[in-house]
Each structure stands twice: as C-alpha cells, then as structure tokens.
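Below is a short briefing on one protein model, grouped by topic. Please read it alongside the sequence and the coordinates.

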Amino acid sequence: MALLSQQLQRFLLTRLNYNSNFKPTIRTIAAARGKNHCCSAIAIDAPSSLGGISGIRWGSASFQGLREEMEDDVVVQSDGLDGFCFAAVFDGHGGVSSVKFLRDELYKECIATLQGGLLLSGKDFNAIKKALQEAFENADAKLLNWLEMNAEEDESGSTATVVFIGGDDLFISHIGDSSVVLSRSGKADILTNPHRPYGSNQASLQEIKRIREAGGWIVNGRICGDIAVSRAFGDIRFKTKKNEMLKKGVEEGRWSEKFVSRVKLNKDLVTASPDIFQVALGPDAEFLLLASDGLWDYMNSSDIVKFVRNQLRQHGDVQLACEALARAALDQRSQDNVSIVIADLGRTDWRNLPLQKQSFAYELAQAFATIGIVSVGIWMSSMLSL
C-alpha cells in the first residue's frame, strides 16, 4: 500500500476538503505538467480530525484520479440546523458548474425548509420528508433556471447524497449513484440504492419503469443512449429542454426524424426527487461513510468497512483514514473521481479493537495492482533509458 500511494501521489491531483469553519493553509508538494496528464499533488495542513456536534469527528477527501476534470465535491456543516450536522457528497457530470452551484444552494434550501433544523429535532418523519423533497425540488428549479439564463450550452448535472446526524438520529436524502454505508460493530449496513437505468435490483427496475413511462428509452444502460444516472440535479436536456434534445439528436444523426415523431416525452427523464430515509443509529453504530461511485464501483462495502476500522484501530485519525481509503480506491484502478466523507460517531474505543483481516480477494487484487504499477514503472524507465 505504501509503495502504491507514493507512486500515485506523483501522478494524481489530490484535493482535500475540510469543514468550512476551518481555514486551511495550502502547501504545494510537487507540480509538473506534461502532455499526458496533470501530475501534481496538493496537501492541506489541518488538524488530524475535526470535532463536531455530539462528539462526532469528521474526515473528508476528494481525489481527481485519472479524470480530465474534478467534478466531485464534499460539504460538511455543523451550524444552522439546531444541533444536527449536515454532510453531502456531490458527483458532477458534463462539467463542474452544477456542483459549484449546489454546494451552497442545497444547504440553504435544506435550512429553509427544515425550519433551521426544528423539524429534524421534532422527529416527525412525514414533515421531514416533505421538507427535504421541497428543498431538493427548489434547488433543482433554481439550478435549471440558472443554467438556462447564465450558462449557454451547459448541460451539466450532479448527483447529491446528503445526511443529517444528531444524537441517535440519522436522516438521509439521496439522488444518484453515490452511497451511504453505516458500520455496525464491523458489519456494513448499506443505507442507499444507486439510481441507475440498468441492473436487475428493485431500485434499478423502478427507475427503468419510470423512464419508459415518461416516454424515454434506454440504450446500453444509458437514458436515450446518453446518461447512466437516472436521478440528478441539472441535466436540463432531460427536463425543460427535452424537445430541443430530440431535435439536436436528429441533427447529429443519432436518430431519425421518423423515430422522433413517435417519441412522446410526457415527464422528466431525469428527476431530482430524492429517496429519504430515517435510521436509528443505536449503540452498535461506529461510523458513517458517504462516497461517490468512484469508491463503490471498485471496492465492496464490507472491505471498505474493514479497511476504515483497521485504520482507526492503528491511529484513530479520521482524516488520515479517509485519505488512505481514497488512495486505496485508486490503487484498485478506479478511473473516476473519488470523494469520501467519514463521520466517526464517537462511540467506539478504537485502541482496544482487534485488527480485522482483509478478504483474500481484496489482498489478491492489491497484489496484482502492485505488480501492475511496478511493471509499468519498470517499462517506463526502460523506455526513457533508450
């Protein structure tokens, strides 16, 4: 792992995000740009972990990986919600403008509809659900208006997975393919389902049915052969500009006029309507982990929970554990941006917890990843010496 991390630091752009109440000092480790890809690393000097409400300690990290652009973002806030903490992971596509708009706007909408957190404290789930649905709808409407008025030809969008933690209560509002996992005594409790227009699980089948009832179609797991996520903010071409999208498709030769004449798009193909859950944490709850699909597509939840527990057992530093997990995803050949938020709920004595062994499959994958990267390094060195 140490070898891989050192190599990846030379090739990957790294950006760490911390609680907005802390103002970090940025120091450049190294910078070099070549024609292949950005080869720089940035570290941020900050306390090893950030204290929060009710003893919660937070860590967060966002790594660009091999993508041309960093389209993820994370937000952690601990004010304005009557004793609850807010954390969110945004995973953008088609550009970064939607993510930049949402990172502040969605939080503001949640504060407004949740009445400054009073609804969360009241624990009336129906009222909370209604408020969060309204907050997501309002944020999406404002984003669509902004995209139409200020960003010509901007077809960007973003998923969002949001959690509110206070005492023993956890509320989740989720759209897209990021995920939330809760560690309960070392067992991974998966709390969300990805919204994708493919797959045989119940959530995917419901999304496929919704899209087809709205008049859309799916090609190779993508809505209209275009986008592989079925719930998101923005994505104006699948909402207020559906007819323009069809016309543009004809002009580009993606489908015929005869085909389009038979299409009847009666609802939004991509929606910002969230899944909303209430979860009782309980005494066995250890930590909560939010992450973009750049993590979950390359590591399974059980191995992730074991990895984080062992990290915390070794040093107890949530921030270091978060960074190490992001690097581990890149070691597993993740081609995507990787963004992670970890909330240590402060209920576990990590120093007295026994280490857990990783699964054989995980260790084998790590071995092959190490061999692969070392082999590439040897090949590159031999080519340069010619």
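Which strand gives the most to the lining of the second largest pocket? Strand E7 (residues 85–93) does, with 3 residues. The model is predicted, so to speak of local features pLDDT of at least 70 is needed, side-chain atom pairs count only at pLDDT 80 or more, and totals for chains, interfaces and linings use all residues. Residues are numbered from 1 along each chain as its sequence is written, and side-chain values use heavy atoms, with hydrogens and water left out.

**Overall chain**
- The protein chain has 11 helices and 17 strands, taken as DSSP runs numbered from the N terminus (helices H or I, at least four residues; strands E, at least two).
- Of its 386 residues, 53% count as buried, meaning under 20% relative accessible area with a 1.4 Å probe and protein chains only.

**Second largest pocket**
- The second largest pocket holds about 450 Å³ of space, a volume being the space filled by probe spheres set on grid points joined across faces, edges and corners.
- A pocket is an open set of points on a 1 Å grid over the protein atoms alone, where a 1.4 Å probe fits, with protein on both sides within 12 Å along at least five of seven lines; lining residues have an atom within 4 Å of a point.
- Of the 20 lining residues, Arg67, His93, Arg222, Ala228 and Val229 are the closest to the centre of the second largest pocket.
- The lining comprises 12 charged, 4 polar and 4 nonpolar residues.

**Nonpolar cores**
- The largest nonpolar core has 33 residues, and Phe86, Leu106, Leu114, Phe164 and Phe233 have the most contacts inside it; such a core is a set of buried Ala, Val, Leu, Ile, Met, Phe, Trp, Tyr and Cys residues joined through side-chain atoms within 4.5 Å.
- Helix H4 (125–150) is among the elements that each supply at least two residues of this core, and H4 gives the most, with 9 residues.
- A second, separate core of 28 residues includes Ala61, Phe287, Cys322 and Ala324.

**Buried polar side chains**
- Asp73 lies in strand E6 (residues 72–77) and counts as buried at 10% relative accessibility.
- The side chain of Asp73 makes a polar contact with that of Arg103 at 2.7 Å; a polar contact is a pair of N or O atoms within 3.5 Å, where within protein one must be able to donate a hydrogen and the other to accept it, and residues adjacent in sequence count only if both atoms are side-chain atoms.
- Asn337, in the loop between helix H10 (318–331) and strand E17 (338–344), is buried with a relative accessible area of 1%.
- The side chain of Asn337 has a polar atom 2.7 Å from the backbone oxygen of Gln64 and reaches the backbone nitrogen of Glu71 at 3.0 Å.

Methods. Nonpolar A, V, L, I, M, F, W, Y, C, P; charged D, E, K, R; others polar. Buried < 20%, exposed > 50% of the residue type's maximum accessible area, 1.4 Å probe, protein only.
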